[in-house]
Structure formats: structure tokens, C-alpha cells
Amino acid sequence: MMVYGLRSYLSSTVGKKFVMGVTGLIWAGFVFLHMLGNLLIFAGPEVYNSYAHQLTSSGLIYVAEFILLGALLTHVILAIQLTLSNRAARGSQPYACTARGSKSVLLSSRTMMFHGSMLLVFLITHLMGFKFGNYYETTVNGVVMRDLHRLVVEVFSQPLAVLWYLVALVLLGVHLSHGVGSIFQSLGLKTLSNEALIKSLSWTYAIVVTLGFLSQPIYVFLMMR
Amino acid sequence: MHQEERLMSLTLKVWRQKSPKDQGHFETYTVEKVSEHASFLEMLDQLNEQLIREKKDPIAFDHDCREGICGSCGFMINGEAHGPLKRTTVCQLHMRHFKDGETLTIEPWRAQPFTVLKDLMVDRTAFDRIIQAGGYISVDTGSAPDGNAIPIAKPKADWAFDNATCIGCGACVASCKNASAMLFLAAKVNHLVSLPQGQVEREQRVMRMVAQHDDEGFGACTSTGACEAACPKGIRLVAIAQLNRELLRAQFCYQEGSKEEGI
Ligand code: HEM
Ligand code: SF4
Ligand code: FES
């Protein structure tokens, strides 16, 4: 028996984690760009709406959406498969005690399935609220386009929506604080010399993404309502 | 200056299980007058002598060298593999690290591929089968002088040696929430792949050993790091990244048949 060839590789524990890493990386990259785009809220409605209009009117958006959807489905299916087989490997008899001292581990790394599932729920509510949400129109420099800015202000004027985004985005940060470092591990890119750098990168990424995203609902709620 | 030896008494909740089929349960014991200089296993010896005097079945646990090099010993103490001290096996763990009057819960390694044989003894032959699958060098490597004649860069030699220190105790599997044996597997693969002698079977080794690991029913790595914290030999979590790299590389570099048959 050998792990050799595409099928064999992809069904091995190591290969599945490789795919988890690639799909996680695709989403982590998208999430970062999305966060940067959102910051345009600070540049005013015209810039914000024109940016969104340009993005969505190019045909490339369908390619990007296809890749993202495929990556997400793969990520979720593999997450479920791995979680189930990992539980089976653990066995039916639990330990009476769990480690508390120097041999305990970060909670975030033990709870990937929990915040991952919350992210899936969030993603659905997020798409329903914005992508498939109320449609307003506006004209910028003579071009008719969707007035997303108005929708953003409408949604983030509601305290409950802001609270839900706060919770979900913190969980996104938690998922990625472990996830980004884990990508390098699963893809085999981590080495003794870059290990510490990757750890800081992972945390910096998670904090920047979470704060970057949060700035929008908080700014809208406090300043534009 | 001579100091009095501290003696302590402890309450132990120990997992007792007659056979693999037995349900198993915790039994509570008290041991008195335990020297702080005793090792954890010597403390258990003391309890066993007490049990034998009371005509009870002594607690079964694996041990051999008692100097932290053979990998026979190991169980959970209050949920921590090999107890609370880092980079230490239970045979090298001394009672001075515990408090007088403490209650300690002692359980065997638990994982689907590690069947409990009796009390604290588990079946770790799955590890042997992983080694049999490829953890060896079958080409002639010459004798000691030949080994010394091959120059190896210091960082490489150090890394090979660091990985070679894995004693196969199973603490990594026991602590992992996925019962993954990746740390053990990585240590064994990295040790051999870092040295010139390990190059000949480089691809088939990793491909076979990962296959055996999965066949035995061990889980996948989630880079949680419980293994690294528990490992008495300080095998690094980053070793698993090298294992992942090796398996990926092997998919491209393996030439069927030729290398293993020496053609
Ligand atoms: C915005 C969406 C998401 C992003 C950016 C993301 C990112 C990541 C990343 C980077 C990893 C590390 C991959 C690796 O270990 O190599 C990861 C792991 C994981 N993700 Fe996600 N994820 C997302 C959504 C989800 C969802 C919806 C679920 C669950 C339904 C989920 C469940 C998991 C689990 C269980 C792991 C750990 C898997 C393992 O280590 O075996 N994630 N994620
Ligand atoms: S990697 Fe460490 S914990 Fe795992 S078997 Fe080897 S020595 Fe024991
Ligand atoms: S008895 Fe040999 S390592 Fe503990």
C-alpha cells in the first residue's frame, strides 16, 4: 500500500489537509481583498458604488464566484469528513481529565468546526442581506448602478445587525488566527526558520481582517445613521 | 547541609481494566510515605507492593529502561501525557513535582488504534507496523567509518538527530484530539530523509508509511499542537510540515519500480 497517484493522495489524511489548506487559502485571500474593498466606504457613496459596479459588471466575477463556491463546498465537505474520521480515531472512551497546564492547547485550534459552521451560517445571512438584498438604484456620472451604499447604511443602522456582524467577524478572526498558520503547515511550507514569522503573520492577518471589516458597520452605525 | 527527605501521601484514581474486552473502571487508592525522590513509576511500584501484600492484583504498566530512552512507559496523569512536566517521560518524572495530599487521576493512552490490554498498558504495535512499512534503510550503508566519511552539514545533522530522538512512546497520539500519529510519523520520515543514506528509498518510504498510518485508523493533523506539548523528546510540530512536503514531492519524483528494485 502506498499513497501514490492523485486519487490515493487526495484520499489520504495528508492529501485531504492539503486541499483544506488550498481552499482555506482561496477564501482567506478573497476575504482580505473584500475587506480592502469595503474600506472604500470612507471615500463616500460615489466611489463605493462605482467600485462595486465595476467589480460586478465584469465577466470575471462569474469565474471568481464559481471558484469561491467550489472551494467553499470542498472546504465544508472535507471539514465534515475529517472531523468525523478524527472523532472515530479518538475512540469511544473519553478521558476523565483534560490537560490544564503546560500541555494544554489554544481553544481556537480545537474549535475549528464550531466557528467554521458559524461562518457558513453567517455567509448565508450575509449574502441574503446584501447580494440578494433590497435593490436600490442610483446614477453616478451618468451611469445607472446599484446603490449598495444606501443598503449598507440601511442594514447597519440596526443594532442587531451590527451585533451579529461583530460576533461573526470576531469568529472569522478566530478561525483565521489558527487557519492561516495551518495553511503553511498543510501545504508543507513551514520550516524551522519561518515558523515564528508564520505565527505572527497568522495573528496579524486575523486582527487586520477583523478590525478592517468591523470598521464599516461600526462607522456606519455611529456616524451615518 | 543535609535536608530532610520530604515524604508525601497521595490519593490515586487509577484505571483498572482486566482485559481488552473488560469495561474498565476507576479505582481509588492511597499511598503513604512516598519519597519526593521517587520517580512516578517507583511510586506505582510502592503501591503495587502494597496491593500484593493485600492479595490484590497489582496495576499493570509498561516500562523498561526507566531512563527516558526506550519509549515503553507512558500514561495520562490528570489529563496530561507523561504528567505535568514538559520533555519528560513518566519514568523520569519525580514525585517532588507533586504536592502532599494531591489527588491524581491516572489513565492509559486512549485512541482507537491503541487497544487497552490491561490497566495502563496499551497495544502500540500499530507503530511497529508503520516502521515496518518504510522506516528503515535497506541499502548497504557500510560500517561506522563509512558513515563518518560522508560530510553532512551541521544543521542537517542536527535536524536528523532531533527527529531521531523520537522513542515511539505514543504520547503524541494519546494527547491529540484526532488521535493522529503524525508527529511520530514525521519524526521517523524526517530522520531518514535528512541523511544521504535515506535518499535511495526516499519516495516509497513516505508513501508507504503514510498509507500504513491511515490504515491503522489514526486521525489527520489539525496543527493543534497538543502532540508537541506532550512529546517527551521535544519533536517539533513543524516536523509535520516537512512530512507533508515529502509526501507531495514523492508524487512527482517517484519512479515506479526502479529504485526499490535497485535497477
Ligand atoms: C470565510 C470562510 C472560511 C475561511 C476563510 C476558512 C479558512 C480556513 C483555513 C485557512 C483553514 C486552515 C486550513 C488548513 O488547516 O490547512 C481552515 C480550516 C478549517 N475550516 Fe475553514 N474557512 C472558512 C469557512 C469554513 C466553514 C464554513 C467551515 C465548516 C463548515 C469550516 C471548517 C473548518 C475546519 C473544521 C477546519 C479545520 C480542518 C482541519 O484542520 O482538519 N471553515 N479554514
Ligand atoms: S513523537 Fe514524541 S510523543 Fe510521539 S512517539 Fe515520538 S517521542 Fe513519543
Ligand atoms: S521506561 Fe524507558 S522511557 Fe520510560
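**View 1. Ligand 1 sits between chains A and B.** This is a predicted model: local features need pLDDT of at least 70, side-chain atom pairs count only at pLDDT 80 or more, and totals for chains, interfaces and linings use all residues. Residues are numbered from 1 along each chain as its sequence is written, chains are lettered from A and ligands numbered from 1 in the order written, and side-chain values use heavy atoms, without hydrogens or water.

**View 2. The shell around ligand 1 has 22 residues.** A shell residue has a heavy atom within 4 Å of the ligand. The closest are A:K17, A:H75, A:H175, A:S182 and A:S186. By class, 11 are nonpolar, 10 polar and one charged.

**View 3. Side chains of chain A make polar contacts with ligand 1 (N or O atoms within 3.5 Å).** A polar side-chain atom of A:H75 lies 2.8 Å from a ligand nitrogen. For A:S182, a polar side-chain atom is 2.6 Å from a ligand oxygen. A:S186 places a side-chain N or O atom 2.8 Å from an oxygen of ligand 1.

**View 4. Domain 1 (7-117) and domain 2 (124-138 + 151-261) make up the division of chain B.** The bounds come from an automatic or database domain assignment. Their C-alpha centres are 29 Å apart.

**View 5. One salt bridge is found across the domain interface of chain B.** The criterion is a Lys or Arg side-chain nitrogen within 4 Å of an Asp or Glu carboxyl oxygen. B:D62 forms a salt bridge with B:R124, with the closest N and O atoms 3.4 Å apart.

Technical notes:
A polar contact is a pair of N or O atoms within 3.5 Å; within protein, one must be able to donate a hydrogen and the other to accept it, and residues adjacent in sequence count only if both atoms are side-chain atoms. Ala, Val, Leu, Ile, Met, Phe, Trp, Tyr, Cys and Pro count as nonpolar, Asp, Glu, Lys and Arg as charged, and the others, Gly among them, as polar.
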